Amino acid sequence: MEKFEILGARELNGKIKINGAKNALLPIMTSTLLAPGNYSLNNVPDLKDTRTMAELLRRIGASVSFKNNQLLINTVNVSKPVAPYDLVKTMRASFYVLGPLLGRLGHAEVSLPGGCAWGPRPVDIHIEALKKLGVNISLEGGNIVAKGNPIGNNIKFKFPSVGATGNLMMASVLGKGQTILKNVALEPDIISLGDFLIKMGADIKGLGTSELVINGKDRLNPVDEFDIIPDRIEAGTFLIAGAMCGGSIEIENVNPDHISIVIDKLIESGVRVKTVKNSIIVNGNKKIKPVNVTTAPYPGFPTDLQAQWIAYMTIANGLSTVTDEIYYDRFTHVPELNRLGANITMNKNTATIIGVSNLKGAPVMSTDIRASASLILASLASIGKSKISRIYHIDRGYEKIENRLKKVGADITRS
Ligand code: EPU
């Protein structure tokens with residue numbers, strides 16, 4: 001199994017280009033199932049998850065090719081509306097085929113995602129909402145078997161779930177009549193999915209607000225060119241790396257509006273942050289002030305940057321707390337960060353971090369995408385050598401992260 005070796009405590013200086021957003025790309029890929037034809041997606045990150053989703057679309061009958069960050073998809077043949085366990089268990093976003101397959105074929109079989117490394121992650125909001133659209137749902141052999149063409153209805157989500165909002169949008173755009181979705185997610189990934197669906201000819205009103213009104217269409221059209229939006233989580237991760245390691249890092253090809261809360265928190269922590277159009281420059285500061293964060297749905301502080309923020313706070317000058325209100329158990333990085341000399345204690349979903357003057361390199365283990373990112377950040381800031389094992393997790397969400405960090409001065413090798 002591959003690992004990273006990092007010799008830490010080196011200043012980082014230079015530019016890093018941000019890639020397309022994984023969490024915008026994945027539902028957009030499945031939405032191509034809605035209308036037969038040829039699609040071309042640009043600025044597609046070369047990730048393990050991109051390839052897993054491509055494989056899932058192929059198994060359903062699509063043809064997919066991926067080269068130079070461009071994805072070509074043909075969905076004329078959609079013959080097997082099944083997302084099998086072997087793919088769903090490696091990537092929960094496989095669940096995103098449910099909505100579009102119901103819209104196109106009125107039939108989908110998707111393995112029920114099990115728990116994940118940090119907790120249960122249920123799909124009840126998706127299921128309850130689809131039932132309200134008249135879809136018949138049963139569980140057979142661990143698979144959700146969904147049958148019926150969606151019929152418009154009024155749905156209020158009990159929580160603004162990203163996945164349920166995406167799935168229900170995709171199920172409704174070819175549905176019969178009008179669907180009103182209330183308390184929807186506002187994440188830029190979902191707005192981008194909405195933009196894509198509108199480009200396909202969908203009638204969606206209220207995009208960017210918490211209520212969507214969708215009038216079902218008889219058919220939609222393929223989209224021949226679409227650019228995936230920049231990944232705000234990748235941008236946040238590299239900004240925190242710059243803040244932790246001193247020096248000056250410029251993040252290019254980013255939409256600063258998508259991470260304004262992260263920029264505000266970084267400034268509060270005492271680093272200088274400058275935004276110029278689609279770039280953000282962060283200048284590290286030796287004295288980091290402790291800053292508390294609590295994760296929340298967009299535009300709140302993203303749960304996908306919680307682990308990285310904890311890593312940052314381990315070297316702050318004082319005590320801070322980080323609370324995750326989205327995933328209560330997403331803290332598998334904490335004991336690993338403590339192996340690097342951090343002083344973090346947990347109480348329910350709150351981490352209390354007492355800053356230390358130095359982290360010290362050690363062997364540690366990744367457990368998921370964002371936990372891996374936090375261990376890389378902490379290792380970059382540590383004195384001495386760290387070895388991070390099980391790094392296949394990081395390849396799910398960050399394209400060739402070691403090459404990009406090397407370019408700005410990090411001593412990191414994959415072996
Ligand atoms: N939830 C339910 N029932 C549901 C769905 C969600 O109780 O049916 C709960 C979850 O357990 C969680 C909360 O609602 O407590 C938020 O879940 P949400 O549905 O919004 O998350 P998701 O769609 O499963 C996406 C991202 C995650 C990101 C979350 C939150 C994708 C492919 N995944 O997941 O990204 O953490 O939104 O922003 O878009 C990652 O990239 O590392 C990652 C995990």
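User: What radius of gyration does the chain have, and why does it agree with a compact globule?
Analyst: The model is predicted: local features need pLDDT of at least 70, side-chain atom pairs count only at pLDDT 80 or more, and totals for chains, interfaces and linings use all residues. Residues are numbered from 1 along each chain as its sequence is written, and side-chain values use heavy atoms, with hydrogens and water left out. The globule rule is 2.2 Å times the number of residues to the power 0.38, with the radius taken over C-alpha atoms. For 415 residues a compact globule would be near 22 Å, which agrees with the chain's radius of gyration of 21 Å.

User: Of contacts between residues at least 6 apart in sequence, what share joins residues at least 24 apart?
Analyst: A contact means heavy atoms within 4.5 Å. Among the contacts between residues at least 6 apart in sequence, the share joining residues at least 24 apart is 74%.

User: What percentage of the residues of the chain count as buried?
Analyst: Buried means under 20% relative accessible area, exposed over 50%, and partly exposed in between, using a 1.4 Å probe and protein chains only. Of the 415 residues, the buried part is 56%.

User: Which elements of the chain hold Tyr39 and Phe196, and what kind of aromatic pair do they form?
Analyst: Rings of Phe, Tyr and Trp (its six-membered ring) pair if their centres lie within 6.5 Å; planes under 30 degrees apart count as stacked, over 60 as edge-to-face and the rest as tilted. The structure holds four such aromatic pairs. One of them has centres 6.2 Å apart and 35 degrees between the planes, so Tyr39 and Phe196 form a tilted pair. Tyr39 lies in strand 3 (residues 38-42) and, 157 residues apart from it, Phe196 lies in helix 7 (residues 188-199).

User: Are Tyr39 and Phe196 buried or exposed?
Analyst: Tyr39 has 2% relative accessibility and therefore counts as buried. Phe196 has 0%, so Phe196 also counts as buried.

User: Why is the pair of Phe301 and Trp309 classed as it is, and what is the class?
Analyst: Phe301 is buried at 1% relative accessibility, and Trp309 is buried at 0%. Their ring centres are 5.6 Å apart and the planes stand at 75 degrees, so the pair is edge-to-face.

User: Which residues form one aromatic cluster with Tyr39?
Analyst: Tyr39 is already paired with Phe196. The cluster with Tyr39 is formed by Phe196 and Phe226.

User: What phi does Asn68 have, and is the residue buried or exposed?
Analyst: Asn68 lies in the loop between strand 4 (63-67) and strand 5 (70-74). Its phi is positive, near 50 degrees, in a residue other than glycine. With a relative accessible area of 69%, Asn68 is exposed.

User: Where is Asn183, and what is its phi?
Analyst: Asn183 is in the loop between strand 11 (178-182) and helix 7. Its relative accessible area is 26%, so Asn183 is partly exposed. Although not a glycine, Asn183 has a positive phi of about 60 degrees.

Notes:
Helices (H or I, at least four residues) and strands (E, at least two) are DSSP runs, numbered from the N terminus.
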